[in-house]
Amino acid sequence: MTTELSRPQAVRDAAAAAIPAALADLGTLVRIPSIAFPGFDPAEVRRSAEAVASLAEGLGIFDSVEIRDAVIPGTDERGMPAVLASRAARNGRPTILLYAHHDVQPIGDESLWQSPPFEPTLRDGRIFGRGAADDKAGVMAHIGALRALKEALGEDFDLGVALFIEGEEEAGSRSFAQFLSDNADALRADVIVVADSGNWDDKTPGLTVSLRGNVRFTLGVRTLDHASHSGMFGGAVPDAMMATVKLLSSLWAEDGSVAVEGMTTRDAATPEYSEATLRDEAGLPADVQPIGNGSILDRIWNQPSITVTGIDAPSVVNASNTLSPEISVVISARIAPGQSSSDAYAALEKHVRAHAPFGAQIEIRDLDLGDGFLVDTSGWAVETAREALAEGYGVASLDLGVGGSIPFISDLVREFPAAQILVTGVEDPHAKAHSPNESLHVETFRNALLSEALLLEKLDARTL
């Protein structure tokens, strides 16, 4: 056991000693192709859950460690396996819920990977592999920080801890809300850390205080009962591809900003962020111009965006002289923080129906909504997290907006309205999460693990 004055230094020393094992365990997790999407082997997701549960049990601090799932609302299916571990707080200390997810994105075109996607590879100070950053590094930041806390303070520390490692975040968290409801007593906490975001850069930590919401649906456009000869009827009959192109083009203004009436923007200041930085981090070639208006981060953090992420149409190799009767596209919209996803969807639906050219028949299916998130930064936990991040990284943290979405946070807010939510992460802007050659910056991971260990120590010293 340590004296009160030596606690932070003891945690620092223990966190530094925990890094090699944490990286080795991360490599073990990355080797498991835990893709929760339909069409992939669910046994691998369960194998991943079992590996995480084994790590949690090995800590020796929890009253219980279980693999659980929940029914997906509206179906008879069960969600992918999650790991749930908990220990009760003692002597008036708070309880912290540590969230991450152990499932990963599909690898996409494997030929684009410079090393095998499920074989962690160290190169230039980064560990490459699917899930190395998003979000198995988040899992190991939690496990490593808890190891450090136990090593520094002993297993009799007073902080309450709930560990929730989800198994289907990348596939849409379809059973998340039901899982929260089913396990509310075990998950209830004063502070929730969601380790699934990023940092300003590989040296500067970030605390995410705003997230955009999302609206995603499949849009079907039909103009014919069946395919017809393009020579016989072209010029008189609208084909579905032409109608789809014209409809889609109405979604954006000339500068590429969203042109859908009713989709709002948020008025909030953003830090300086240059076009050169955008080009470097996004991979934007010199001759391709950015889109939108306003500051670059305002476009990413505070304004809506619309992207076509998929299309079902005749392929180039199968092209024929035919008028296509129907085209389907996937519309993925990001919603400015502060606007509900249902309001944004209503605006989008109204727009596509009003702008369908030539009387094209419109069908909307597979709708998925997720609300954005704004952190109340006035709470004590936010200030405590800022202190821990500054001490862990040696640099003051920045409050960040994120253009992406973590829709399940709104479920956490609804189920646990009194909890203070902290959105942190281990990624840097070059992590390439969801893309080929995803990677984790090792030094960022070291700092993230240390920062979380210091946060746990601060909370263990706090009496509510």
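Modeller: D135 sits in the loop between β5 and α3, the helix of residues 136–153. Keep in mind that this is a predicted model. The peptide bond from D134 to D135 is cis, and its omega is near 5°. That deserves a second look, because most peptide bonds are trans.

L122 stands opposite I127 in β5. Now widen the view to the sheet. Three strands make an open sheet in the order β4-β5-β18, and their pairing is antiparallel. Strands of a sheet pair through backbone hydrogen bonds, either parallel or antiparallel. Here the edge strands are β4 (121–123) and β18 (439–441), each of which pairs on one side only. From one strand to the next, the twist averages 25°.

A helix packs on this sheet. It is α13, which touches β4, β5 and β18. The direction of α13 makes about 65° with that of β18.

Phi of K432 is near 55°, which is positive, and K432 is not a glycine. Again this is worth a look, because most residues other than glycine have a negative phi.

Now follow α13, residues 442–460, to its packing with α11, residues 380–393. Two packed helices are described by the angle between their axes and the distance between the axes. For α11 and α13 the angle is about 135°, and the axes are 8 Å apart. The two helices are therefore oblique to each other. Their crossing is right-handed. Which residues meet? On the α11 side they include W380, A388, L389 and Y393. On the α13 side they include L450, L454, L455 and L459. Among the others in this contact are E387 and E391 of α11 and K458 of α13. Sorted by type, the residues of the contact are 10 nonpolar, five polar and three charged.

Next comes another sheet. Four strands form an open sheet in the order β11-β13-β9-β14, with antiparallel pairing. Its edge strands are β11 (305–312) and β14 (361–370), and each pairs on one side only. The twist averages 20° from one strand to the next. Look at β9, residues 213–222: eight bridges join β9 to β14, and the two run antiparallel.

Helix α10 (residues 341–354) lies across β9, β11, β13 and β14. It runs at about 165° to β14.

Finally, take in the whole protein. It has 13 helices and 18 strands. Along its principal axes, the C-alpha trace spans about 85 × 45 × 45 Å. For 464 residues, a compact globule would have a radius of gyration near 23 Å. The protein has 24 Å, which agrees.

Key: Residues numbered from 1 in each chain as written. Predicted model: local features only at pLDDT ≥ 70, side-chain atom pairs only at ≥ 80, totals over all residues. Heavy atoms only, no water. Axes fitted to C-alpha atoms, helices over the stretch in contact; angles between N-to-C directions. Parallel < 35°, antiparallel > 145°, perpendicular 65-115°, else oblique. Left-handed = near helix turned anticlockwise from the far one by under 90°. Contact = heavy atoms within 4.5 Å. Nonpolar A, V, L, I, M, F, W, Y, C, P; charged D, E, K, R; others polar. Pairing = 2+ DSSP bridges. Rg over C-alpha atoms; globule rule 2.2 N^0.38 Å.
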